[in-house]
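Hi there,

Here is the structure I promised to pass on. Have a look at it first, and my notes on its aromatic side chains follow below.

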Amino acid sequence: MDVSHLLDELNEAQREAVSAENGHVLVLAGAGSGKTRVLIHRLAWLIQVNHVSPLGILAVTFTNKAAGEMRERAGNLLQVSTRPLWIGTFHGIAHRLLRMHFKEAGLPEAFQILDSEDQQRLLRRIIRDEGMDEAHWPARQAQWFINARKDEGERPEHIEHLDHPVTSTWVHIYKIYQDYCNRGGLVDFAELLLRAHELWLEQPAVLDHYRKRLQHLLIDEFQDTNAIQYAWIRMLAGNTGRVFVVGDDDQSIYGWRGAKVENVQHFQRDFPDVRTIRLEQNYRSTGTILDAANALIRHNTSRMGKNLWTAGEKGQPISLYAAFNEQDEARYVVDRIEQWIDSGRRADDCAILYRTTAQSRLFEEYLLRKNIPYRVYGGQRFFERTEVKDALAYLRLLHNPNDDAAMERVINKPTRAIGQKTVSLIRLQARESGLTLWQAARECIEQGVFATRAGTAVKAFMDLVVGIRERMSDWTLGNQMQGVIDESQLTTHYEKEPPERTETRLENLRELVNAADAFAMPAEDADAGLTELQSFLSHAALEAGDTQAENWEDCVQMMTLHSAKGLEFPLVFLVGMEDGLFPHQRSVEEAGGRLEEERRLAYVGMTRAREMLCLCYAEVRRMHGQENYCRPSRFIDEMPAELIEEVRPSIGASRPYRPARPTGGLSMESPSAPFKLGQHVIHPKFGEGTVLAFEGSGDNVRVHVNFLDAGAKWLVLAYANLQAL
Ligand code: ATP
Ligand code: MG
């Protein structure tokens with residue numbers, strides 16, 4: 001078979017990695033140097049040249065989106081079905097293993113994934129039940145503690161320093177929480193990984209089976225693996241598996257969540273005969289973008305150090321837009337995207353990257369106004385919206401009545417006369433008899449614990465759930481979803497809210513039914529023996545995609561910098577480049593290398609861009625209901641000024657970036673205009689408005705004002721008779 005295509009489009013170092021003969025390989029290289037490409041070619045090489053069965057390969061990446069792309073690219077190279085290949089995220093793969101080996105893992109068949117919000121809710125309840133003061137013992141902190149321990153592979157009994165009162169309290173909560181989860185068959189995200197690790201530890205036969213089967217482990221974004229993931233790989237590899245990892249220490253951005261960049265060094269120490277290969281040529285970005293990114297990352301002190309160069313063109317300067325506020329920032333970005341699309345380019349070539357999820361909303365608003373389709377990855381995910389979670393909780397309860405988190409969520413939603421007092425009685429019973437809420441509720445009814453009215457209400461609720469389950473067992477998923485929404489009367493619950501909110505909630509519920517209708521179970525879930533409902537519920541908990549645009553639709557890509565890892569786009573906007581937002585305030589205040597991690601995040605963001613990079617910041621930003629004057633991000637000043645061009649589209653000109661300009665404040669004025677951008681003005685005919693932009697000079701200065709009632713208008717300043725307010 002001719003396999004030259006597997007090596008043809010690779011440079012020397014890349015070929016060496018792809019065709020490495022024996023032992024383990026570490027590819028350590030900067031952004032855009034072809035690590036992921038090498039990993040995919042390696043996968044194809046193993047199958048076509050070394051004749052490894054596709055069943056013998058496990059490929060791990062960081063996000064579902066990246067996993068999807070990897071599968072597609074491998075499929076294109078191989079021209080055969082990639083179905084037997086295990087490609088996925090650590091969480092996805094752990095989930096699949098646990099489904100297939102639920103018994104060995106000590107889980108009920110119907111176990112449910114507990115997402116982060118439900119986890120916090122459950123912890124809040126436990127803390128309250130323990131009579132502890134939530135102000136001192138916040139659920140969020142408990143969650144952080146438990147997940148961090150699990151990421152280190154620790155159960156309560158492994159944790160030391162119990163003489164420390166804070167630690168011992170959290171360990172106590174961890175224990176109670178874990179008991180609840182075990183009783184109800186609930187598995188949080190960190191638990192997926194820990195259980196999968198314990199499966200290796202405690203079930204030698206299972207481990208042995210997978211060691212024999214999965215001889216090749218390929219891991220992308222290795223710099224962001226945490227302790228438990230690393231331990232999991234080591235166990236699985238044993239003495240026989242061959243491990244191929246690719247990573248970049250400069251792109252380690254999950255330290256705050258327990259990722260250990262040291263794993264890169266540990267890998268060289270823990271595995272024998274590791275061949276380390278460095279790639280230095282960047283194929284992704286223009287020379288300008290690459291130079292700016294290299295200059296920025298050089299400000300970090302803890303680096304393994306590497307050089308990246310490109311044979312590509314210098315390209316256009318990086319543009320920098322100083323918006324006068326966050327509205328102006330969104331307007332500018334969306335205008336530029338519109339121009340890009342008008343010039344015949346695709347919407348999905350554009351990405352808007354931001355530091356915090358809340359920033360997406362304004363961009364969404366402006367994109368909607370212009371009718372430009374978009375898709376938000378991560379963030380307030382569709383499946384995390386209250387109404388969607390409520391409806392899913394009913395579905396979960398049908399599937400597994402012992403799911404305490406689901407029961408808590410909907411027992412009195414819509415209100416059905418089951419008050420806090422009744423719920424407390426159920427909890428008490430559950431705690432005392434070591435039962436799930438569902439079991440405890442039944443016991444309470446049998447023992448006549450409730451007052452008559454409450455007892456009837458609880459029974460009615462339970463009958464409702466059982467009734468739906470019996471009636472709907474053979475319905476399609478979409479019909480089940482619709483049926484649950486109708487019969488639970490959830491909609492009546494939302495109808496009590498303000499009309500605009502109700503409308504959105506109902507829309508989302510309709511969307512959920514659509515999602516269930518359109519759901520096609522992935523082949524790997526079918527292979528793992530999941531039912532359609534199980535697959536759908538796990539998808540809802542694990543999937544990071546949103547549904548604003550259909551999968552196939554050409555749409556603008558929006559995501560946090562963290563979820564942009566590994567991806568690339570011709571045009572990238574890095575927005576909200578302000579000190580306090582990016583770098584994030586917390587990272588500036590905290591010691592321990594947090595600022596360096598933020599800088600790596602900026603490096604990740606910049607190196608996503610292929611042709612054009614645009615940085616934006618707002619001089620004034622409304623946050624938490626307050627207007628703040630902002631300084632441009634220190635990261636901007638860490639890039640060479642000659643690579644940056646400040647754009648002032650409103651004046652119709654661009655000028656070189658001057659790093660030494662005064663920071664903060666509404667300092668931008670047209671040379672001959674008496675108003676500042678963002679200033680409130682009044683016009684005799686159009687009324688009040690805000691100055692958006694200027695154009696021209698001397699007597700010809702025109703001013704763009706957004707009037708509250710009359711909308712945006714261009715006026716010749718000399719005749720406009722505007723007054724400052
Ligand atoms: P990141 O660190 O951001 O994950 P990476 O090192 O994984 O980046 P890739 O995404 O694999 O880099 O590659 C970056 C781009 O360069 C891709 O578009 C890829 O197809 C292209 N590329 C990589 N190697 C070559 C090559 N030898 N010839 C041509 N194009 C290449
Ligand atoms: Mg990559």
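There are 14 aromatic pairs in this structure, which is a predicted model. One of them is formed by Tyr321 and Tyr332, whose rings are stacked, with 3.9 Å from centre to centre and 15 degrees between the planes. Tyr321 belongs to strand E9 (residues 318-325) and Tyr332 to helix H14 (residues 326-342), so this pair ties together parts that lie 11 residues apart in sequence. Both tyrosines, Tyr321 and Tyr332, are buried.

Another pair to look up is Phe582 with Phe635. Their ring centres are 5.4 Å apart and their planes meet at 75 degrees, so this pair counts as edge-to-face; the cut-off for that label is over 60 degrees. Here the link is between distant parts of the chain, 53 residues apart: Phe582 is in the loop between strand E13 (569-574) and helix H26 (585-589), while Phe635 is in helix H28 (residues 634-637). Phe582 has a relative accessible area of 1% and is buried. Phe635 is buried too, at 0% relative accessibility.

Which residues form one aromatic cluster? They are Trp86, Phe90, Trp200, Tyr210 and Trp232.

Arg183 has its charged end over the ring of Tyr180, 5.1 Å from the ring centre. Over the ring of Phe62 sits the charged end of Lys565, at 3.7 Å from the centre.

Best wishes

Note on methods:
Residues are numbered from 1 along each chain as its sequence is written. Chains are lettered from A and ligands numbered from 1 in the order in which they are written. This is a predicted model: local features need pLDDT of at least 70, side-chain atom pairs count only at pLDDT 80 or more; totals for chains, interfaces and linings use all residues. Side-chain values use heavy atoms; hydrogens and water are left out. Rings of Phe, Tyr and Trp (its six-membered ring) pair if their centres lie within 6.5 Å; planes under 30 degrees apart count as stacked, over 60 as edge-to-face and the rest as tilted. Helices (H or I, at least four residues) and strands (E, at least two) are DSSP runs, numbered from the N terminus. Buried means under 20% relative accessible area, exposed over 50%, partly exposed in between (1.4 Å probe, protein chains only). A charge sits over a ring if NZ of Lys or CZ of Arg is within 6 Å of the ring centre and within 35 degrees of the ring normal.
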